[in-house]
Amino acid sequence: MDEDKQLHNVSRTTEQSECRTKSRFQLAKELEDKQRIQNTLSQYAQAEDRGASLLRQMLTFTPGPQEKEMITKQMKEEEGHAKIFTNQLKKFNFEETPLYATLQQFYEFCQECVNNKDWVACITCQAALEELAMASFGEFYNRVDDKETQEILLKVIEEERQHLAFCMDQLQKFVKNKETKEKIEQTQRMIVQVLAKGVMFTTLTSDQRNAAIKVLKQAHTMHTNKMKTLNIDFPQAI
Ligand SMILES: [Fe+2]
Ligand SMILES: [Fe+2]
């Protein structure tokens, strides 16, 4: 074989091997992206469903007709969000993955507040949940490469913003009273504890843990600033 032919063969083999490596890398990345989207949409579908269920139960002890009307509206919207995210899962042909233990523990804590029919604690939980949801949807918006999903996220974020505004109105009334202000602060300490411990000590892959910490930090900053306007010191993350 002459020298030119030999060189040509070496170059072709290198190209083929680069191509194989690249496509394997691309495939792995695509699979990772797919799993991330599947997981995130699954968390949303289930979290929205849990949220709607909590609101449905809160309807049995609303303090007045105005709150009843608002909670009824929000419950329907959360049901709508659950449906939208479930439909997106179906659109991508994704199976639902289980709800993270961290979120499960948070919902269990919220459920305790609902079981106690403790309106102030419930609204405090709802405010934190809405904040967390908005931070997560915003983060997902930046990394999902699907126009329809992005449009859905914008619509959902707008509704969560209104839900949070309602919670802020409620909390504003409660901070004026020493006892209810203490209840808000106590509930917030519990929430931060449940979430911070949950994210560190429950089973998550390092990728999921890092993504969760990023969202939690963002929600924590946003909520700390909102609570400042109500003269409440939101607890530091532990
Ligand atoms: Fe929602
Ligand atoms: Fe909401």
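Predicted model: local features only at pLDDT ≥ 70, side-chain atom pairs only at ≥ 80, totals over all residues.
Trainee: How do I describe two packed helices?

Mentor: Two packed helices are described by the angle between their axes and the distance between the axes. Take helix H4, residues 119–143, and helix H5, residues 147–174. Their axes come within 9 Å and cross at roughly 155°. H4 and H5 are therefore roughly antiparallel to each other.

Trainee: Is the crossing of H4 and H5 left-handed or right-handed?

Mentor: H4 passes H5 in a left-handed crossing. Then look at the residue classes. The contact of H4 with H5 has 16 nonpolar, 6 polar and 4 charged residues.

Trainee: At what angle do H3 and H4 cross?

Mentor: Roughly 155°, and the axes of H3 and H4 come within 8 Å. That angle makes H3 roughly antiparallel to H4. The crossing is left-handed.

Trainee: Which residues make the contact of H3 and H4?

Mentor: From H3, find Cys110, Cys113 and Val114. From H4, find Ala121, Cys122 and Cys125. By class, this contact has 6 nonpolar residues, no polar and no charged.

Trainee: What is the angle between H3 and H6?

Mentor: About 160°, with the axes 8 Å apart. H3 and H6 are therefore roughly antiparallel to each other. Their crossing is right-handed. On the H3 side, the contact uses Ala101, Thr102, Gln105, Phe106 and Phe109. On the H6 side, it uses Met190, Ile191, Val194, Leu195, Gly198 and Val199. The classes are 8 nonpolar, 3 polar and no charged residues.

Trainee: Now the core. Which residues of the largest nonpolar core touch the most other members?

Mentor: Cys110, Cys122 and Cys125 do, in a core of 42 residues. At least two residues of this core come from each of helix H1 (3–58), helix H2 (65–91), helix H3 (101–115), H4, H5, helix H6 (178–201) and helix H7 (206–229). H4 gives the largest share, 12 residues.

Trainee: What does Cys110 touch, not counting residues up to four places away in sequence?

Mentor: Cys110 touches Leu54 and Cys125.

Trainee: How do I judge whether a residue is exposed?

Mentor: Count the other C-beta atoms within 10 Å of its own: 12 or fewer means exposed, and 20 or more means buried. Between those limits, a residue is partly exposed.

Trainee: How many other C-beta atoms lie within 10 Å of Ala237?

Mentor: There are 14, so Ala237 is partly exposed. Leave aside its neighbours within four places in sequence, and Ala237 is in contact with Val192, Ala196 and His220. His220 is 17 residues from Ala237 along the chain, yet their C-alpha atoms are separated by 7.8 Å.

Trainee: Last topic: backbone angles. Where is Asn93 found?

Mentor: Asn93 is in the loop between H2 and H3. Check its phi: near 65°, a positive value in a residue other than glycine. Asn93 has 8 other C-beta atoms within 10 Å, so it is exposed.

Trainee: What is phi of Asn231 near?

Mentor: Near 65°, again a positive value in a residue other than glycine. Asn231 sits in the segment after H7. With 10 C-beta neighbours inside 10 Å, Asn231 counts as exposed.

Technical notes: Residues numbered from 1 in each chain as written. Chains lettered and ligands numbered in written order. Axes fitted to C-alpha atoms, helices over the stretch in contact; angles between N-to-C directions. Helix = DSSP H or I, 4+ residues; strand = E, 2+ residues; numbered from the N terminus. Parallel < 35°, antiparallel > 145°, perpendicular 65-115°, else oblique. Left-handed = near helix turned anticlockwise from the far one by under 90°. Nonpolar A, V, L, I, M, F, W, Y, C, P; charged D, E, K, R; others polar. Core = buried A, V, L, I, M, F, W, Y, C linked by C-beta atoms within 7 Å. Contact = placed C-beta atoms within 7 Å.
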